[in-house]
Amino acid sequence: MLTSLLARTSGTLVCLGLLLVATVSSLVFGHIPVSLDMLAASLMDYDPGSLEHLVVRTERFSRTVTALIVGAGLATAGALMQTLTRNPLASPGILGINAGAMFFVVVGATLFSLTSPSELVWAAFTGAATAAFLVYFLGQQAGRGVSPVRTVLAGVAVTALFVSFAQGLLILNQDRFESILFWLAGSVSGRELEAILPLLPLFCLALLIALLLSRQLNLLGLDDDVIRGLGLRVGQVRLLIGLVVIVLAGTSVAIAGLIGFVGLIVPHIARGIFGTDHRWLLPLSAILGATLLLAADTVARLVIPPQEIPVGVMTALLGAPLFLHLARHVRAVS
Amino acid sequence: MSRSLVLRSPNDRWSVKLNVRVLLVTLALAVLLAISSVLALASGSHPTSFMDVLGTLANPAQSELALIILEIRLPRVIMAILVGGALGSAGLILQGLVRNPLASPDVIGITSGASAAAVLFLWLGGVTGTSLLLAPVAMGGAFTVALCITALAWQQGISPARLVLVGVGLAAALTAVTTLLLVLSPDSTAMNAYIWLTGSLYASQWHDVTALAPWLVVCWPLALIKLRHLDAQSMGEDMALGLGSALQGHRLLFLVLAVALAGSAVAYAGAVGFIGLIAPHMARRLVTSGHTGLLPIASLIGALILLYADWIGRVAFIPRDLPAGIFVAGIGAPFFVYLLYRLRRDLG
């Protein structure tokens, strides 16, 4: 673990370097490879006649931006949830928040014909909040507070509920099969940049609030009585963080559907390198989350060309082993 | 205490204590199930009356409706009862084993194992959902996953908490594999697989019934005899050991029973969710009893839920025949909210 300021700063620079490499790779690699010169030219001096320029400008660029936003959002939401619930297994995917958002998005898209992410995002917020509410109350045990295993089970049960509803809608609405499968499988491709931009102000505001709450988050790991003694308004801070999580996870799902495990594994990696201080943990989770999702998406394009593996599948295959490792070592509180 | 009947063998070697309320509720549910089955047999795209059905059942040789009722509707109704009953009992066993009211075969990965195996099979062969090999393949998937869960969760015995978490993790990985295969398949195969994943009793045949029934005939009575050990475990590990229960041995046995019941049911009916979650809770609302008394009630409730869900899917949207799983989820959701309400009230 890096402890000194110098080591942490250089660690951050290395992570930013990785993010840059991942971003460029995401723009360059794919079914039609683009050289670095061509990439620079397409960004500086756009020529609509060139196939490579067209690919970079119309498809890869928006795809890369999507992966950046979604990866950063999910990873930060995961780090916040792990602190909030004091549960190493917490993440928007495991605790059902993503599934709730996904189901409401699917309902909005199929029954109310909403199409643009800026409309769907409100459906996603509602769904994420509903799921969070359900899981929070189901995870509580009379008199004994919140148990990790119980919360995880509540999250999985809520996920099962929403996913089976979405599958039901899918079978009732066979003409929208492709579109619903997109939400269920999770993908960062095929999103117009113009459609994503309106979501950014609220998303960035949520990230900013999370960063400003770093000091309070550092205290949340302590015992509730100690925190109150230190003069922190626990209830208000928790509620605010809950809202931030809902905005971050809801936006990510409204853009890209169900992408699991980014929110689970990235905070663990970031904590392993930079420790538990949220002033470092939160920005580094965001950077590493974006890097991971970009890398996963780039690899997903290259494994079985010309087809692509849904990026949600890639992250699940990466994340499930880590979850199993954590699950085997979690203290059995129940 | 509620009233109970005690039956003893002449030499006092064997005795059974029967709770009167459990008996009455079981009887009432069985009668309800019988009436519902006949009603389900009577309805469909070809209208038949209640009396026609009874006449055909009593005297099949002389009825022109024998084909419709005995070959098409009856196997389907019986499958709904068997599958629902198996899922209800598997859910009860798992919730007792894990000591958590939210455990169920679909939550801890047994259903996902069966699903992944089935979708892999459909993808490789491109065959239709009615292929004879699909069910054994799905059951193999369920058992393989259960074996992996046990192996990964084993640290000097099975701890229920680890069992659940490992199951959840494996379920997530398997769901990812299933999604991957669906995306890679052509649309027609994917749709077929999706209907299987939601759970459907469409086109159930007599050979499905005869293949599924032996699993229940073996597992269900065994569960009924052994479930008293789960009552001992629910008082805590130390208490169970003190009462002379072979803790780890019984945990393993209950896990195998739950997998066999849920795996065989899912193999023949597809990944019907929620019955394993909600049927045991409904049973607990009806009677206060140990697991032995709850087993028949949870099974009957599971059977009723699936029978009605399949009936609605078959009749309500004629000519379309919708998968029963959709309607099970429809019943599951309100109950989930109710469960939430109960947990909140307990907190207050």
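**View 1. Strands E1 and E2 of chain B pair side by side.** In this predicted model, strand E1 (residues 4-8) of chain B pairs with strand E2 (residues 15-19) of chain B in the antiparallel sense, over five bridges. Towards one end of the pairing, B:Ser4 has B:Asn19 in E2(B) as its bridge partner, while B:Arg8 stands opposite B:Ser15 in E2(B). The hairpin of E1(B) and E2(B) has six residues between the strands, and in it B:Asp12 takes a positive phi near 65 degrees. E1(B) lies largely in the open, because the number of buried residues among its five is zero.

**View 2. B:Ala58 in helix H2 of chain B.** The residue B:Ala58 belongs to helix H2 of chain B, which covers residues 50-58. Is B:Ala58 buried or exposed? B:Ala58 is exposed, because 9 other C-beta atoms lie within 10 Å, and a residue counts as exposed when that number is 12 or fewer. Its C-alpha atom is separated by 25 Å from the C-alpha atom of B:Gly85, a residue that stands 27 residues apart from B:Ala58 along the chain.

**View 3. Two residues of chain A with a positive phi.** Most residues other than glycine have a negative phi. With 14 other C-beta atoms within 10 Å, A:Arg86 is partly exposed. A:Phe261 likewise has a positive phi, near 75 degrees, and its place is in the loop between H12 and helix H13 (262-274) of chain A. A:Phe261 counts as buried because it has 29 C-beta neighbours inside 10 Å, and the cut-off for a buried residue is 20 or more.

**View 4. Helices H9 and H12 of chain A cross each other.** Two packed helices are described by the angle between their axes and the distance between the axes. For helix H9 (residues 200-212) and helix H12 (residues 234-256) of chain A, the axes come within 9 Å and cross at roughly 140 degrees, and the crossing of H9(A) and H12(A) is left-handed. On the side of H9(A), the residues that meet H12(A) are A:Leu202, A:Phe203, A:Ala206, A:Ile209 and A:Ala210, and on the side of H12(A) they are A:Leu240, A:Val244, A:Val247, A:Leu248 and A:Thr251. Sorted by class, this contact has nine nonpolar residues, one polar residue and no charged residues.

**View 5. The largest nonpolar core and one of its members.** The largest nonpolar core holds 221 residues, and those that touch the most other members are A:Met102, A:Val105, A:Ala124, B:Val83, B:Ala262 and B:Leu306. Helix H3 (residues 66-98) of chain B gives the most to this core, with 17 residues. When residues up to four places away in sequence are not counted, A:Val105 touches A:Leu120, A:Ala123, A:Ala124, A:Gly127, A:Trp183, A:Val253 and A:Ala254.

**View 6. The contact of chain A with chain B.** This contact takes 40 residues from chain A and 41 residues from chain B. On the side of chain B that touches chain A, the elements that give two or more residues are helix H6 (160-184), helix H7 (187-198) and helix H14 (324-347) of chain B. H6(B) gives the most to this side, with 14 residues. The residues on this side of chain B divide into 29 nonpolar, eight polar and four charged.

How values were computed: Residues are numbered from 1 along each chain as its sequence is written. Chains are lettered from A and ligands numbered from 1 in the order in which they are written. This is a predicted model: local features need pLDDT of at least 70, side-chain atom pairs count only at pLDDT 80 or more; totals for chains, interfaces and linings use all residues. A nonpolar core is a set of buried Ala, Val, Leu, Ile, Met, Phe, Trp, Tyr and Cys residues joined through C-beta atoms within 7 Å. Helices (H or I, at least four residues) and strands (E, at least two) are DSSP runs, numbered from the N terminus. Two residues are in contact if their C-beta atoms, placed from the backbone, lie within 7 Å. Ala, Val, Leu, Ile, Met, Phe, Trp, Tyr, Cys and Pro count as nonpolar, Asp, Glu, Lys and Arg as charged, and the others, Gly among them, as polar. Two strands pair if DSSP finds at least two bridges between them. Axes are lines fitted to C-alpha atoms, for helices over the stretch in contact, and angles run from 0 to 180 degrees between N-to-C directions. A crossing is left-handed if the near helix is turned anticlockwise from the far one by less than a right angle, and right-handed if clockwise.
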